[in-house]
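Open the model in your viewer and keep the selection tool ready. We will go stop by stop, picking a residue or a pair of elements each time.

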Amino acid sequence: DLAVPAALDAIQQFTDLAVRSGVGRLVLLSGRGEDEALRCERVVQESGIDWTIIRASWFNQNFDEGDFRDLVLSGVIALPVGEVGEPFVDADDIADVAVAALTEPGHSGEVYEVSGPRLLTFAEAVSEIAKASGRDIKYVPITLEEFSASLAAQQVPEDYAWLLNYLFTELFDGRNESVADGVQQALGRDPRDFTDYVQSVAASGAWNQK
């Protein structure tokens with residue numbers, strides 16, 4: 001994640017190596033509304049070679065492949081987010097934009113801000129997951145202090161706990177509460193809707209209790 005303290009140096013070293021190695025095009029996956037990410041973007045933009053930036057909102061796949069899956073299976077998703085809307089984006093859409101930017105002409109110098117087609121609160125997203133999976137799942141908003149205490153109780157590594165606290169502190173103040181059109185710009189089609197995502201995952205059995 002470009003928000004972590006070591007990211008800027010890592011991106012600088014990688015970009016320098018790419019330039020020395022004769023790489024002709026770079027695509028950077030970035031995040032919306034993150035000052036740290038913007039600094040990493042500038043490293044790529046000032047590299048002297050062709051670049052494309054993909055600024056993504058929160059991934060749909062956090063709910064079935066990432067950290068939220070265990071919460072879904074537990075039946076309670078407790079996070080420090082209230083009624084702020086998030087335009088969850090599908091990782092497959094991000095991948096399609098990245099492939100196009102890497103393999104097709106016409107994407108050099110573009111900043112594609114990618115999101116899903118609509119805003120959803122976490123409560124609304126969890127409701128859709130519950131409906132599609134046929135499971136009893138509820139969303140419970142908690143304070144940041146309660147969230148931090150929960151991470152400590154679960155012995156989450158300190159650096160990762162810092163990142164989660166940062167993300168929930170910085171990115172859910174309303175700054176990203178808007179839909180972006182980067183998928184349409186890059187691919188000429190609409191992004192995948194969250195409902196289509198949850199129905200596909202539910203049909204795969206990924207949310208079946210194990």
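Select Leu187. Beyond its neighbours within four places in sequence, Leu187 is in contact with Asp93, Asp96, Val97 and Ala100. Leu187 sits in helix α8. This is a predicted model, so treat each stop as a computed picture. Is Leu187 buried, exposed or partly exposed? At 27% relative accessibility, Leu187 counts as partly exposed; buried would need a value under 20%. Now draw a distance from Leu187 to Leu167. The two are 20 residues apart along the chain, and their C-alpha atoms are separated by 28 Å.

**Next: Asp190**

Select Asp190, in the loop between α8 (182–187) and α9. Asp190 is exposed, with a relative accessible area of 57%. Which residues does Asp190 touch, not counting those up to four places away in sequence? They are Val183 and Gln184. Asp190 and Ala91 are 99 residues apart in sequence, and 14 Å apart in space from C-alpha to C-alpha.

**Next: α5 and α9**

Select residues 122–133 for helix α5 and residues 194–204 for helix α9. Two packed helices are described by the angle between their axes and the distance between the axes. For α5 and α9 the angle is about 40° and the axes are 9 Å apart. The pair is therefore oblique. The crossing of α5 past α9 is right-handed. Show the side chains where they meet. On the α5 side, pick Ala125, Glu128, Ile129, Ala132 and Ser133. On the α9 side, pick Phe194, Thr195, Val198, Gln199 and Ala202. By class, this contact holds six nonpolar, three polar and one charged residue.

**Next: α6 and α7**

Hide that pair and show α6 (144–153) with α7 (residues 158–170). What angle do α6 and α7 make? They pack at about 160°, with their axes 10 Å apart. α6 and α7 are therefore roughly antiparallel to each other, since the angle is over 145 degrees. Their crossing is right-handed. From α6, select Leu144, Phe147, Ser148 and Leu151. From α7, select Ala161, Leu164, Asn165, Phe168 and Thr169, which those residues meet. This contact has six nonpolar, three polar and no charged residues.

Stay on α7 and check its length. Its 13 residues should span 18 Å at 1.5 Å a residue, and the end C-alpha atoms are 18 Å apart, which agrees. Now colour its buried residues: Ala161, Leu163, Leu164, Asn165, Tyr166, Leu167 and Phe168. What do they pack against? Their partners are α2 (35–45), α3 (68–74), β3 (76–79) and α6 (144–153).

**Next: Gln155**

Move to the loop between α6 and α7 and select Gln155. Most residues other than glycine have a negative phi, and most peptide bonds are trans. Gln155 is not a glycine, yet its phi is positive, at about 60°. Gln155 is exposed, with a relative accessible area of 70%.

Select Ile11, found in helix α1 (residues 7–20). Is Ile11 buried or exposed? Ile11 is buried, with a relative accessible area of 16%. Leaving aside neighbours within four places in sequence, its contacts are Leu2, Leu28, Cys40, Val43 and Val44. Ile11 and Asp159 are 148 residues apart along the chain, with 19 Å between their C-alpha atoms.

Now show α1 and α2 together. Their packing angle is about 10°, and the axes are 9 Å apart. That makes α1 roughly parallel to α2. In α1, pick Ala7, Leu8, Ile11, Gln12 and Thr15; they meet Arg39, Cys40, Val43 and Val44 in α2. The contact divides into six nonpolar, two polar and one charged residue.

**Last stop: Arg55**

Select Arg55 in strand β2 (residues 50–56). Arg55 is buried, with a relative accessible area of 18%. Which residues is Arg55 in contact with, leaving aside neighbours within four places in sequence? Show Ser30, Gly31, Arg32, Leu38 and Glu41, then Val111, Tyr112, Glu113 and Val114.

Notes. Residues numbered from 1 in each chain as written. Predicted model: local features only at pLDDT ≥ 70, side-chain atom pairs only at ≥ 80, totals over all residues. Heavy atoms only, no water. Axes fitted to C-alpha atoms, helices over the stretch in contact; angles between N-to-C directions. Helix = DSSP H or I, 4+ residues; strand = E, 2+ residues; numbered from the N terminus. Parallel < 35°, antiparallel > 145°, perpendicular 65-115°, else oblique. Left-handed = near helix turned anticlockwise from the far one by under 90°. Contact = heavy atoms within 4.5 Å. Nonpolar A, V, L, I, M, F, W, Y, C, P; charged D, E, K, R; others polar. Expected span 1.5 Å × (residues − 1). Buried < 20%, exposed > 50% of the residue type's maximum accessible area, 1.4 Å probe, protein only.
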